[in-house]
Amino acid sequence: MAGVTPPPGRRAHVVAVLAFDGVQLLDVTGPAEVFTTANAYGARYVVRTVSLTGEDVRTSAGVRIGVDGPPESLPPRPGTLLVPGRREWRRAVADRQLVARVQELAGRAGRTASVCAGAFLLAEAGLLDGRRAATHWRLAGELAAAYPAVSVEGDPVFVRDGDVITSAGVTAGMDLALALVEEDHGADVARSVARELVVFMARPGGQSQFSARLAPREPGHPVVRRVMDAVGADPGARHDVETLARDAGVSARHLGRLFRAETGMTPGRYVESVRLEAAQALLAGGSDPVDSVAEGAGFGSAETMRRTFQHVLGVSPTVYRARFRTTVVSGRGART
């Protein structure tokens, strides 16, 4: 493990981490590990963790972490403010003193970054108004609903808008920190840190490959419910719009209008989403060849399925299977 003492010479870049009770442990320690590891390759980061009272905090994992003092102990202009999050984000944003500190420190810092639900604190402080932002895929809808002035992007691992950077869930804080190291010191240093920590320099694909597929709104119209039930019962069957409409006893145009009104998507888009879910389940839970999975899920060909996976999830079916089927690796060292 690389040392945490920055090398002499270059002016230190202070990374201020604002910790508080209930904070996600890895939101704090993951980025800190990236920044301090970079010091072994010529960077000069000083990570200073502070809390409102200057006292230690208890994380969501029950692990207590020590802090360097209260916010007053920070230099006048830290280089980076890092705001981690907590699962119960409503409790975090209800802490007016915490929100005020985020706002005050962001005004002093060269740049402000958040990890996971830390985006809610930035939004509550007004720092994301009119900006694009990311958070954990499970919380993206809640962030968009609670703060309509924020343009929430559900798939990116992190999003930069000006001097504010927001990242997705937990380990994405390390992706964000690596990007900031690259910005400060170049790709070679960031690549060395990634190798040292055995993480991706740039994570392949976005959050969609990890998230549960967002189900459409529950339809109220019986025709739409009947069509959705038919598609879900047999994703591999013929489900073009004309066939679905004929079986439902309506015109294709009327079915399209009903689907958009009831679910917010077209019939074809819904069919694709069901087939994608079916293919994901078959890939993760079975050993059938990709061609067979494509046929069983209704894609018709492996190439069509591959294009859909790349477009929606950002990875190929083969990579998806390798990534989500098991943690056991093949070859030397694998468990048997």
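**Helix packing, sheet and selected loop residues**

Helices α8 (residues 222-233) and α11 (residues 267-285) pack with their axes 10 Å apart, at an angle of about 30°. Helices here are DSSP runs of H or I with at least four residues, strands are runs of E with at least two, and both are numbered from the N terminus. Axes are lines fitted to C-alpha atoms, for helices over the stretch in contact, and angles run from 0 to 180 degrees between N-to-C directions. The model is predicted: local features need pLDDT of at least 70, side-chain atom pairs count only at pLDDT 80 or more, and totals for chains, interfaces and linings use all residues. Residues are numbered from 1 along each chain as its sequence is written, and side-chain values use heavy atoms, with hydrogens and water left out.

The two helices α8 and α11 are therefore roughly parallel to each other (angles under 35 degrees count as roughly parallel, over 145 as roughly antiparallel, 65 to 115 as roughly perpendicular and the rest as oblique). Their crossing is right-handed, a term used if the near helix is turned clockwise from the far one by less than a right angle. From α8, Met-228, Val-231 and Gly-232 meet Tyr-270, Val-271 and Val-274 of α11. Contact means heavy atoms within 4.5 Å. Five residues of this contact are nonpolar, one is polar and none is charged. Here Ala, Val, Leu, Ile, Met, Phe, Trp, Tyr, Cys and Pro count as nonpolar, Asp, Glu, Lys and Arg as charged, and the others, Gly among them, as polar.

The protein as a whole has 14 helices and ten strands. Of its 336 residues, 46% are buried (under 20% relative accessible area; exposed means over 50%, partly exposed in between, with a 1.4 Å probe and protein chains only). Contacts between residues at least 6 apart in sequence were also examined: 67% of them join residues at least 24 apart.

Six strands form an open sheet of mixed pairing, in the order β2-β1-β5-β6-β10-β9. Strands β2 (45-50) and β9 (158-161) are the edges, and each pairs on one side only. Two strands pair if DSSP finds at least two bridges between them. Neighbouring strands of the sheet are turned by 20° against each other on average, direction ignored. Within the sheet, β6 (residues 111-114) and β10 (residues 164-167) run parallel and are joined by three bridges. Thr-112 stands opposite Val-164 in β10. Helix α1 (residues 25-38) lies across β1 (13-18), β2 and β5. Its direction is at about 160° to β2.

Pro-78 sits in the loop between β4 (64-65) and β5 (80-83). Pro-78 is buried, with 2% relative accessible area. Neighbours within four places in sequence aside, Pro-78 contacts Val-14, Ala-16, Arg-108, Ala-109 and Gly-110. Pro-78 and Ala-106 are 28 residues apart in sequence, and their C-alpha atoms are 9.2 Å apart in space.

Cys-116 occupies the loop between β6 and α4 (118-124). Cys-116 is not a glycine, yet has a positive phi of about 55°. Cys-116 is buried, at a relative accessible area of 6%.

Ser-301 lies in the loop between α12 (290-297) and α13 (302-312). Ser-301 counts as partly exposed, at 29% relative accessibility. Ser-301 and Asp-291 are ten residues apart along the chain, with 6.5 Å between their C-alpha atoms.
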